[in-house]
Amino acid sequence: MSNYHVPVMLQECIEALNIKSNGTYVDVTFGGGGHSREIMKHLGADGRLLAFDQDADAQRNKIADDRFTFIDQNFRYLKNFCRLHNAVPVDGILADLGVSSFQFDQAERGFSIRFDAELDMRMNQSAELSAKDIVNTYAEADLHRIFGMYGEIQNSKTLAKTIVTARLNAPINTVADLKSAIQNLIPRGKENKYLAQVFQALRIEVNQELEALKDFLTQSAEVLVPGGRLVVMSYHSLEDRLVKNFIAKGKFSGEVEKDFYGNDQKPFDAVSRGAIVANDEEIQLNNRARSAKLRIAVKK
């Protein structure tokens, strides 16, 4: 597990789940298993934990315990697989939406701007679409959209045009190819930030991360028992906005719907006022904690 990452705000996440010893819980982002192992410590003989992860590497961290079930799937299929394993309703769901340090540190996965490797970025390594496919085949308008929406890049239109022009001369297959193609657009002194935004946009598109998050949040309301807890930690504003809106309004945009009597029609109530963030001590020990936002909700 140490190869993955130190779980961010571990104790805050565990406290937020309000674990009952005989309850059923789901960790939808298993990774190195740090959160799952801590949840298991709080479960009695009748407790259950299901864990989702589509990354084949995560399977090496599976917990040898009869109360533990590993599900090799994207969390957007939460409801189907909880039903399949006769685990509905559940008492709590935890999602840590960060990409693991382990994935970033594997050069060949193509997630990181630090290494030269093929542009891959697939969380599920059996999926068809890779970052290389996107930069070489997407229309200019689609590249403009994903860099603008998912990377929140200021010059996204110029960036898209530059990539489309560059690939006419030669395919953009590697991290180095992409950096070389766009080097004249990168603001001086902000190289790392700009490239991180470009890579974030590609990674979100490759893995359909925001669509998967919407599917997961919608289904979480359907599988949780009344009084059950939803605990979600996000690391960038696009994810946090979806989580915040869904908890507050039961939808991802627009205003909360009301019934005939004027009561709010939404499945969750927020437990915490606003997002919980890591303290200075944790941020010093673990830089990943700097951008983390933890939101907690209880099913009505």
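A salt bridge is a side-chain nitrogen of Lys or Arg within 4 Å of a carboxyl oxygen of Asp or Glu. Between domain 1 and domain 2 of this predicted model, the count is two salt bridges. Local features need pLDDT of at least 70, side-chain atom pairs count only at pLDDT 80 or more, and totals for chains, interfaces and linings use all residues. Residues are numbered from 1 along each chain as its sequence is written, and side-chain values use heavy atoms, with hydrogens and water left out.

**Domains**
- Domain 1 covers 10-101 + 209-299 and domain 2 covers 106-207, with bounds from an automatic or database domain assignment.
- Their C-alpha centres are 29 Å apart.
- Eleven residues from domain 1 and twelve residues from domain 2 take part in the contact (heavy atoms within 4.5 Å).

**Interface**
- The two domains bury about 1,100 Å² between them, 45% of it on carbon and sulfur atoms; this is the accessible area (1.4 Å probe) lost on putting the two parts together, summed over both.
- Gln54, Val99 and Glu209 lose the most area on the domain 1 side, together 45% of what that side buries.
- Glutamate 209 and arginine 203 join their side chains in a salt bridge (2.8 Å, N to O).

**Aspartate 120**
- Aspartate 120 sits in the loop between helix H4 (101-105) and helix H5 (131-137); helices are DSSP runs (H or I, at least four residues), numbered from the N terminus.
- The relative accessible area of aspartate 120 is 10%, so the residue is buried (under 20%, 1.4 Å probe, protein chains only).

Definitions and conventions: Helices (H or I, at least four residues) and strands (E, at least two) are DSSP runs, numbered from the N terminus. Buried means under 20% relative accessible area, exposed over 50%, partly exposed in between (1.4 Å probe, protein chains only).
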